[in-house]
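I opened my notebook for a first walk through this structure. These are my entries, in the order I looked things up.

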Amino acid sequence: MDLNAILKKFSEFKYVEVREHKISSAQFFVINGSPAGLASVTHSGYSVRAFKDSAMYFTSSSDVEDLSPLSFSLKEWEKGYSVDQRTSGEYTVNEKEKIKDVPLEEKQKIFVDIANSLKNIKVNSRIVSVIFSYSESVEEKNILFEDGTTVHGLVPRIHVSASVSMVSDKASATFYEEFGGSGGFELIKIWDIENVLAEKIRNVDEVLTKGKGVTPGRKDVIFSNMLSGIMAHESVGHPFEADRVLGRESAQAGLSYLVNRNFGEKIGSDIVNVIDDPTLPNSSGFYLIDDEGIKARAKFLIKDGKINELLQDRFSAYKFGVSSNGSARASRFDREPLVRMSNTFFMPSNFTFDELLEDVKDGIYLKSYMEWNIDDLRIGQRYIGLEAYEVRNSEIKEPLLFPVIEGTTFEFLSSIDAIDNTLKFYYGTCGKGDPDQGIPVWMGGPNMRLRNISVKVRGYE
């Protein structure tokens, strides 16, 4: 249907966005080498979000005839919207090998073979299970605004999740590894999934069979790219969502430690810079124009250790007296655009990894985690290490059995004194809103050294 015909029904409103949103997806599982649960589904429909006199109206349907204004006088959350310049245009992600050209059964066979190969790796632990979840999607958006601005986006994505359970005479563990990005089926080869998982299985086997107990105390801790990635997303990205700071997410996902704090306030060491950037090629959170017509750009959330800017859409920006920085996204046609992360990461510095080890006499290298927790304000946090190693006299030594790292966001950010020159990203599905909106993102960063952090034994109080 012509979006202009829908737009005409809402001519009385000052702000109108009409969105046609289609996601074609497919998924399957491979459980211990056996294929299972192959399915395809398409979510397609239209939505309209309109604003007038401090009231917001949102309607959605797969049937365009259902899209019409209703009379109402309820004053909603929004008080106004920023009048930033919209950008007409389109963005697409190219596929070197089109996802749809490879049959699902052929894709499933690839992961059956990988699973069977991994199950036969010779390790001292017993590999209990190897489970793959594969999903692919092509997301297409067409958006029309009241001023005639149009946006078209087309993003194909792939996501692979692997779960491996292992047990030894000493301990057991289940680890998860996720791969994701935007592009075609060529991503599967780029990710080198079998070799990545084989290496991790061998590392976890070393931990389960040779890992020694942790001596609790305050130590220097080196966070890997994976740990800095989850910290960037959970400890910085979420609390820097402007609508969360304003309290809109309080019932669903908590508040933010930035309430009553000021821009320019120092919350980390000088070396700390955290960025959210939707323009990264082949990223899971890729887009070039947001769902409110604002051109996407990199946002420095923390700059030189100081609060720099929040993730904003038009309606939160109005309340803060700033411009939108293009952070509005909706997960599907029947969800409203919200302030969302895209690809959130710590910025690398100029140290090498070996330089991070220097001066560490008694510490821990935390390569991966098996569990993480954080409170509703995003202050108190806890990580249980999986691939973890003792660092003694500047060298990585024996594996450690599940060290627990605890502290606050401010303590962690302020204790970072060295960041290396690597940058690695990990897939994530970011949840938010009511009804819930899960969207694909990347979280990432370099390896980082944190000084004098609390380390506990699992179960130790």
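Predicted model: local features only at pLDDT ≥ 70, side-chain atom pairs only at ≥ 80, totals over all residues.

**Entry 1: around lysine 212.** I began with the side chains of glutamate 398 and lysine 212, which meet in a salt bridge at 3.8 Å, N to O. Glutamate 398 sits in strand β19 (residues 395–399) and lysine 212 in the loop between α4 and β8, so this pair ties together parts 186 residues apart in sequence.

Glutamate 390 belongs to strand β18 (residues 388–392), while lysine 212 is in the loop between α4 (193–210) and β8 (217–223), so here the parts tied together are 178 residues apart in sequence.

Next I asked how well covered these residues are. Is glutamate 390 buried or exposed? It counts as buried, because its relative accessibility is 14% and the cut-off for buried is under 20%. Lysine 212, at 32%, counts as partly exposed. Glutamate 398 is partly exposed too, with a relative accessible area of 33%.

I then followed glutamate 398 to another partner. Its side chain also meets that of arginine 392 in a salt bridge, 3.5 Å from N to O. Arginine 392 counts as partly exposed, at 30% relative accessibility.

**Entry 2: salt bridges elsewhere.** How many salt bridges does a search of the whole structure find? I noted 35. I also wrote down a network of salt bridges that links Glu139, Lys141, Arg157 and Asp291.

**Entry 3: a negative patch.** I turned to the surface and looked up which residues form a negative patch. They are Asp354, Glu355, Glu358 and Asp359. With a relative accessible area of 54%, aspartate 354 is exposed, since exposed means over 50%.

**Entry 4: threonine 344.** Where is threonine 344 placed? I located it in strand β14, which spans residues 343–346. Threonine 344 counts as buried, at 0% relative accessibility. Its side chain has a partner: a polar contact of 2.6 Å joins it to the side chain of aspartate 276.

**Entry 5: backbone details.** Which peptide bond did I mark as cis? It runs from aspartate 434 to proline 435, with omega near 5 degrees. Proline 435 lies in the loop between β22 (424–432) and β23 (437–445).

Aspartate 192 is not a glycine, yet it has a positive phi of about 50 degrees. I found aspartate 192 in the loop between α3 (186–191) and α4, and it counts as partly exposed at 35% relative accessibility.

Aspartate 304 is not a glycine either, and its phi is positive at about 55 degrees. Its place is the loop between β10 (299–303) and β11 (306–307). Aspartate 304 is partly exposed, with a relative accessible area of 41%.

Note on methods:
Residues numbered from 1 in each chain as written. Heavy atoms only, no water. Patch = residues over 30% accessible without salt bridge, like charges linked within 9 Å, V, L, I, M, F, W, Y side chains within 5 Å. Areas by Shrake-Rupley, 256 points an atom, 1.4 Å probe, with all protein chains shown as cover. Salt bridge = Lys/Arg side-chain N within 4 Å of Asp/Glu carboxyl O. Lys, Arg positive; Asp, Glu negative; His and termini not counted. Charge placed at Lys NZ, Arg CZ, Asp CG, Glu CD. Buried < 20%, exposed > 50% of the residue type's maximum accessible area, 1.4 Å probe, protein only. Helix = DSSP H or I, 4+ residues; strand = E, 2+ residues; numbered from the N terminus. Polar contact = N/O pair within 3.5 Å; in protein donor to acceptor, adjacent residues only side chain to side chain.
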